[in-house]
Amino acid sequence: MIHPNSAEAFHYLEGTGKISAGHELAMRMIVRYGPGTSGEIIAVATRQGYSVPELWKRFSELKQMGLIEEVENRRCAVSGRTAAVLKACGKPTQGELFQ
């Protein structure tokens, strides 16, 4: 789920060149397969055929940009360790990125 302000901010940053293709892929994965831990989201994306090298780094950067948030800590279904659950901020928004 994505908050309208997050979508607007993402598109603004994308226009300034501060959003890379890796950021866009990371955001797509969180919107499509989240909320979940980074390990869970990456595992699902990989099974769907996406190439995800170092995608977890983009999650941290998107968090710093205020586009995603950590909503809780729980056991990751992939690693078995306690991990933060990530989700896009707020309500879903229609648009090319978030379809």
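## Helix 2 and Arg28

Arg28 lies in helix 2, where helices (H or I, at least four residues) are DSSP runs numbered from the N terminus. With a relative accessibility of 18%, Arg28 counts as buried, a class that means under 20% relative accessible area, against over 50% for exposed and partly exposed in between (1.4 Å probe, protein chains only). Although Arg28 and Ala88 are 60 residues apart along the chain, their C-alpha atoms are separated by 9.5 Å.

The model is a predicted one, in which local features need pLDDT of at least 70 and side-chain atom pairs count only at pLDDT 80 or more, while totals for chains, interfaces and linings use all residues. Residues are numbered from 1 along each chain as its sequence is written, and side-chain values use heavy atoms, with hydrogens and water left out.

## Helix 2 against helix 4

The axes of helix 2 (residues 21-33) and helix 4 come within 9 Å and cross at roughly 85°; such axes are lines fitted to C-alpha atoms, for helices over the stretch in contact, and the angles run from 0 to 180 degrees between N-to-C directions. Helix 2 and helix 4 are therefore roughly perpendicular to each other, given that 65 to 115 degrees counts as roughly perpendicular, under 35 as roughly parallel, over 145 as roughly antiparallel and the rest as oblique.

On the helix 2 side, Gly22, His23, Leu25, Ala26, Met27, Met29 and Ile30 meet Leu55, Arg58, Phe59, Glu61 and Leu62 of helix 4, contact meaning heavy atoms within 4.5 Å. By class, the residues of this contact divide into 8 nonpolar, 2 polar and 2 charged, where Ala, Val, Leu, Ile, Met, Phe, Trp, Tyr, Cys and Pro count as nonpolar, Asp, Glu, Lys and Arg as charged, and the others, Gly among them, as polar.

## Helix 3 against helix 4

Helix 3 (residues 38-47) and helix 4 (residues 55-64) have axes that come within 10 Å and cross at roughly 130°, and the two helices are therefore oblique to each other. Ser38, Ile41 and Ile42 of helix 3 make the contact with Leu55, Trp56 and Phe59 of helix 4, and this contact has 5 nonpolar, 1 polar and no charged residues.

## Glu40 in helix 3

Glu40 has its place in helix 3 and, at 14% relative accessibility, counts as buried. The side chain of Glu40 makes a polar contact of 2.8 Å with the side chain of Arg74, a polar contact being a pair of N or O atoms within 3.5 Å of which, within protein, one must be able to donate a hydrogen and the other to accept it, and residues adjacent in sequence count only if both atoms are side-chain atoms. Leaving aside neighbours within four places in sequence, Glu40 is in contact with Arg74, Arg75, Cys76, Ala77 and Val78.
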